[in-house]
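Dear colleague,

I am passing on the structure that we spoke about, so that you can look at it alongside my notes. Please keep the view open while you read.

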Amino acid sequence: MAVASLTASAQFYFGGQVGFSRNATHNETTVVIAPEVGYSFNEKWTFGGILEYDYGYASGYDVNVFEILPYARYKFAHLADNKVQFFCDGRVGFGVQKGKGQDAGFVYEIGLRPGVAFNVNSHWSLVAHLGQLGWEGATDKATGLYAKSNQFTWNIFNWNDIRLGFYYSF
């Protein structure tokens, strides 16, 4: 009985998010493209993964980052008959960063990323993540411009780090 109940509420989904920021004063631009797949086990828990590409530019320097980010999502609140859901993703990421004229280096992160989903209907959802609380690091080869140097990140609910996207559930 428990297995049938778990299967009935489970759903696969795919989609993704994009992010963009521009600081004209410092001539800095960041673009993020992050396709995503996942599986909702029940009303509270979801597991998924992101394949993320980041591009950064500042004062004539380019950097490209590719990361794989598996995550566990906990949905902690909902409003309007489950139309709006608040959640937090616990994620671990690892990848490669390459700047123009630099050797490639290894990057990693671990953290919590809060978010909200608006369920348009039974299949489509609009999603937003806002900031992150965690740790980011990089090997020496990746510690140039825009590198994730070894640091604690506390930019939770930071409007400079907002990502918008959608999911299609089936």
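In what follows, helices (H or I, at least four residues) and strands (E, at least two) are DSSP runs, numbered from the N terminus. On that basis the elements run α-β-β-β-β-β-β-β-β-β-β from the N terminus on, which comes to one helix and 10 strands.

Please note that this is a predicted model, in which local features need pLDDT of at least 70 and side-chain atom pairs count only at pLDDT 80 or more, while totals for chains, interfaces and linings use all residues. Residues are numbered from 1 along each chain as its sequence is written, and side-chain values use heavy atoms, with hydrogens and water left out.

Of the 170 residues, 38% count as buried, where buried means under 20% relative accessible area, exposed over 50%, and partly exposed in between (1.4 Å probe, protein chains only). With contact taken as heavy atoms within 4.5 Å, 55% of the contacts between residues at least 6 apart in sequence join residues at least 24 apart.

Lysine 75 lies in strand β4, residues 61-79. This lysine is buried yet has no salt bridge, and the nearest side chain of opposite charge, glutamate 43, is 6.3 Å away; a salt bridge would require a side-chain nitrogen of Lys or Arg within 4 Å of a carboxyl oxygen of Asp or Glu, with Lys and Arg counted as positive, Asp and Glu as negative, and His and the chain ends not counted. The side chain of lysine 75 does make a polar contact of 3.2 Å with that of threonine 46 (a pair of N or O atoms within 3.5 Å; within protein, one must be able to donate a hydrogen and the other to accept it, and residues adjacent in sequence count only if both atoms are side-chain atoms). Leaving aside residues up to four places away in sequence, lysine 75 touches several others, among them Ser40, Gln85 and Phe87.

Tyrosine 53 is in strand β3 and counts as partly exposed, because its relative accessibility is 26%. Its side chain joins that of asparagine 64 in a polar contact of 2.4 Å, and the residues that tyrosine 53 touches, not counting those up to four places away in sequence, include Val31, Ile33 and Phe66. Tyrosine 53 and valine 18 are 35 residues apart in sequence and 9.6 Å apart in space, C-alpha to C-alpha.

Tryptophan 45 is also placed in strand β3, and it is partly exposed because its relative accessible area is 37%.
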